[in-house]
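Let's take a friendly walk through a protein model, stopping at a handful of residues along the way. Keep the picture open and find each stop as you read.

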Amino acid sequence: MNASDLVELAGLVSSATPALLRGDGKLNAAGGETYWTASKCRIDRWSRRLKESGSLVSEAGNSTSAPQVLYVCEEILMAEILTRVWTAACAASDQSSGERELELIGRSVLVSHLESRRRVLNLMSTAPPGAAQRAARSLDHLRRVCERWADLLLAPFAPICNLEMIAHDRRRVLDFAQDSDEDARRDEISTTDQRRQLLSTSLRQAFQRPDTAANRNADLNAQIAAGILGCLGDASYDGPDVCADWLCHARLISSTAHAEQLISRLLSGNPTS
């Protein structure tokens, strides 16, 4: 599962969660542990690879000969969108239910993710002239695109939770939220699926990346997605996004993990725990 798939998942979380909370009042916490564990493992991998590289380019000064570190930097920036949006979803769920269960998990992962982001920004800011600086400019463009999309996807959460320390620019989020409300009042309810499809297509086009390096975190990305889908439940599979390969894969992992939990409880003699 690629980082661009995680961005699409962020769009799904943004569109599905507010309606889910209005109906059920909270997210299912079943996938929280999977999300936390896989996220922490991925952050550890990022840390090791950034430490091993120490630079955006190889010693020969050629950025194309060291694609893996650039891919890691791109993945950190792109995956941050989902981390922020899911943290907002967790905060909104806990606020709706009056509990503090998922938000602590979400914010813990966000804090660690922001440390990885800081390391990427440090590599960018210290890049010497030449290939490294060109790579840094490319990453900086991606950073700005990611920040704007993250704030756009956070807009549906603005009325239902505190986005302090979650949004990049809270004022921009509020502007997006106001524009979204105006669009919703103009549109018919029947166009909801069309808007979700348009959002998914726009995200796919904005974050389509060349396959310059193998994604060594595909396994953890899929587990992270499975944890989130486990919290969202069946509501996340409604609409036009259900045919996406990454969604089917993550759903399979989520269903498998749920079955394993049920078997474990039955064997322990406590099926309702």
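Helices are DSSP runs of H or I with at least four residues, strands are DSSP runs of E with at least two, and both are numbered from the N terminus. This is a predicted model, in which local features need pLDDT of at least 70 and side-chain atom pairs count only at pLDDT 80 or more, while totals for chains, interfaces and linings use all residues. Residues are numbered from 1 along each chain as its sequence is written, and side-chain values use heavy atoms, with hydrogens and water left out.

Our first stop is N28, in the loop between α1 and α2. N28 has a relative accessible area of 43%, so N28 is partly exposed. Along the chain, N28 and C231 are 203 residues apart, but their C-alpha atoms are separated by 4.3 Å. Leaving aside residues up to four places away in sequence, N28 touches L102, G230 and C231; contact here means heavy atoms within 4.5 Å.

Now step into helix α1, where you will find S15. With 28% relative accessibility, S15 counts as partly exposed.

D5 is buried yet has no salt bridge, that is, a side-chain nitrogen of Lys or Arg within 4 Å of a carboxyl oxygen of Asp or Glu. For charge, Lys and Arg count as positive and Asp and Glu as negative, while His and the chain ends are not counted. The nearest side chain of opposite charge to D5 is R204, 6.7 Å away.

Let's end with rings. How many aromatic pairs does a search of the whole structure find? The search finds two. Rings of Phe, Tyr and Trp (its six-membered ring) pair if their centres lie within 6.5 Å; planes under 30 degrees apart count as stacked, over 60 as edge-to-face and the rest as tilted. One of the pairs is W149 with F207, edge-to-face at 6.4 Å centre to centre and 65° between the planes. This pair links distant parts of the chain, 58 residues apart: W149 sits in helix α5 (residues 131-154) and F207 in the loop between α7 (192-206) and α8 (218-232). W149 is buried because its relative accessible area is 16%, and F207 is buried with 0%.

Conventions: Buried < 20%, exposed > 50% of the residue type's maximum accessible area, 1.4 Å probe, protein only.
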